[in-house]
Each structure stands twice: as structure tokens, then as C-alpha cells.
Amino acid sequence: MTTADRVQTPAGTVPERVPTVVVDGVHIKYRVNGGRGGKASATAALSRLISRKERKARKTGKPAPGVREVHAVKGVTFTAYKGEAIGLIGSNGSGKSTLLKAIAGLLPTAEGRVYTQGQPSLLGVNAALMSDLTGERNVILGGLAMGMTRDEIQRAYQGIVDFSGINDKGDFISLPMRTYSSGMGARLRFAIAAAKSHDVLLIDEALATGDAKFRRRSQARITELRKEAGTVFLVSHSNSTITETCERALWLEAGTLRMDGPAKEVVAAYEAFTSGKK
Ligand SMILES: Nc1ncnc2c1ncn2[C@@H]1O[C@H](COP(=O)(O)OP(=O)(O)OP(=O)(O)O)[C@@H](O)[C@H]1O
């Protein structure tokens, strides 16, 4: 632990801040096949797969002809600490979801490193639940995917259903998830993820689709999760959700970190930027 990890409080005590996520000069690039002049056809793609140029490009790390590169995150650096809830804000396509996926270990970095303490869990709008299975089966599936035992899931089951509010207006939990509205699906996914304590919980827009009552429940649960020793990251386009849920915010714009600081200050600067853009 270095002195940089300790903060001098006004009372003169020096509490230890435990870093949970360190993002160090991270660049993330996507490679997209296809583009112009029929090069995106299946035949062209297949021939590229076996072409010498492609193989050579892979060796040199440069994109092959017909492969476009999207530089989504450009040299982002920050440290997150235990007990923090951090909001990620920024315009569409600024790299928020990409950064979250990299912290979750789902995307490789082109440059730089991501270090995490403990197991990161990404809760996205598209979290891997099965739309043909009932909500009930998905609660079990989601619980198992998070490493819970069947007994633990059974004990948590009613709490998850109540938290999600899925059954508030009838017995929807026994219907396939494909019959749910996007808000209902997002609420169930959040309720499943919130049933367990996480070292690092990454939430991508899940709260935006809920109604006011559900948002209040979620905010209360996020506060508890932070107390249970975790770090929470929350991507949202709702500035009020960010200021109500997080005390720190990171503002990404075009892949770079524009600002990192107290959520209220960062959101105010971002709002000034977006209103000035109109
Ligand atoms: N699978 C992908 N393949 C290629 N490019 C991608 C892919 N996913 C995202 N991108 C590109 O990476 C950049 C960052 O996208 P990302 O989804 O991380 O932004 P975001 O800030 O989460 O956006 P939004 O607020 O619209 O959800 C964009 O230019 C986007 O087009």
C-alpha cells in the first residue's frame, strides 16, 4: 500500500482506501469486418479468412484489408476504491459500455492494463438469461451463473421476485421472459444480480428502464451492496440517477476521460457541455 492510497482526513486519522479496480492507460479497439464494395459478403469474408494477407496482418497486429478498426477507448486511467459507487456518463458512443466490458474482463485491451481485486460481475441489459424460459427458471439460472448453490437460490427466490416487482400485477414470473416488457426484463435481471454481494458490480443502464418505485428500491440496494464491501459502477443516461446513486462520476467523451470527480460536479460540467452543444 503506498501513501497515495491513504487519505488525510480533517481529524488527522489516516483510513486505508483499498483499491478494487485499477485502469491504467487503457486503449480498446474493435475490429469490424467488411465495409465497402461487396467486401462484406460471406464469400469475401471466407476468402479473407484463408488469405495470406490476413494471416500476415494477424502476425503484425495491423488490421487486414477490409477490416476497419474502431478505437473506442483511448488511454483511460483511474483507480476505484472499496465502497465507492461510480457513475459513468458521456454521449452516445463515448465508450462507457466498452470500458465496463473491459473491467469485467470480457474485452481485451489493445494497450494498458485493467487490474481488479475480486470477481467483477457485469449486469447488462443483455445479461445472459434465456428468453424462452420462465422468469422462475431464469432466477435459478442467473443464481447458478453467479455461483450460488441451489439452496441459496431457493432461500433468495421470493426476495428476488418481490424485489423485481414482476408479480405485482399478476403471476408473470411463471411466463417466458420473452413475454416481458424491456423494463420488466431489466428489473428481473437487476433483482437477480442484487441478491448476491459482489466484489465489483458493473451495471449497464439496468435502472433506467424501471419505474420510480423500482429505482428507489435499486438505489437502496446499491447502497447496501457498497456497504457489503463492494464497488459499484453504473452506466446511465439519467443524470439524476447518477447523482442520487453515486458520489463519484467519470465522464467519457469520444473514448477519453474528460473528468473524474464528485458526481454532482461532473454531472454539472457534462450538462453544461451538452446544453452548449445544442
Ligand atoms: N461490437 C462492436 N464492434 C465494433 N464497434 C463497436 C462495438 N461496440 C461498440 N463499438 C463502437 O465503440 C464506440 C463506443 O461504444 P460504446 O457502446 O462503448 O459507447 P457508449 O458510451 O456505451 O454508448 P451508448 O451511450 O450509446 O450506449 C462506438 O464508436 C461504437 O460504435
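Two residues are in contact if their C-beta atoms, placed from the backbone, lie within 7 Å. The model is predicted: local features need pLDDT of at least 70, side-chain atom pairs count only at pLDDT 80 or more, and totals for chains, interfaces and linings use all residues. Residues are numbered from 1 along each chain as its sequence is written.

**Exercise 1. The core**

Task: Find what L88 is in contact with, leaving aside its neighbours within four places in sequence. Then place L88 in the largest nonpolar core.

Solution: 
- Start with the contacts. They are K96, L99, L100, F233, L234, V235, L250 and L252.
- Define the core. A nonpolar core is a set of buried Ala, Val, Leu, Ile, Met, Phe, Trp, Tyr and Cys residues joined through C-beta atoms within 7 Å. Buried means that 20 or more other C-beta atoms lie within 10 Å of the residue's own.
- Now place L88. The largest core has 59 residues, and L88, L100, I103, L202, F233, L234 and A249 touch the most other members.
- Helix α6 (residues 182-194) gives this core the most, eight residues. Helices here are DSSP runs of H or I, at least four residues; strands are runs of E, at least two.

**Exercise 2. The six-stranded sheet**

Task: Give the strand order of the open sheet of six strands. Then describe how β6 and β7 pair.

Solution: 
- The order is β5-β6-β7-β3-β8-β9, with mixed pairing. Strands pair if DSSP finds at least two bridges between them.
- Check the edges. β5 (120-123) and β9 (256-262) each pair on one side only.
- Take β6 (residues 200-204) and β7 (residues 231-235). Five bridges join them in the parallel sense. D204 has V235 in β7 as its bridge partner.

**Exercise 3. The ligand shell**

Task: Which element gives the most to the shell around the ligand?

Solution: 
- List the shell, with C-beta atoms within 6 Å of the ligand. Among its residues are Y30, V32, V70, A72, K96, S97 and T98.
- β1, β2 and α3 (96-103) each give two or more.
- α3 gives the most, three residues.

Methods
Buried ≥ 20, exposed ≤ 12 C-beta atoms within 10 Å, placed from the backbone. Near = placed C-beta within 6 Å.
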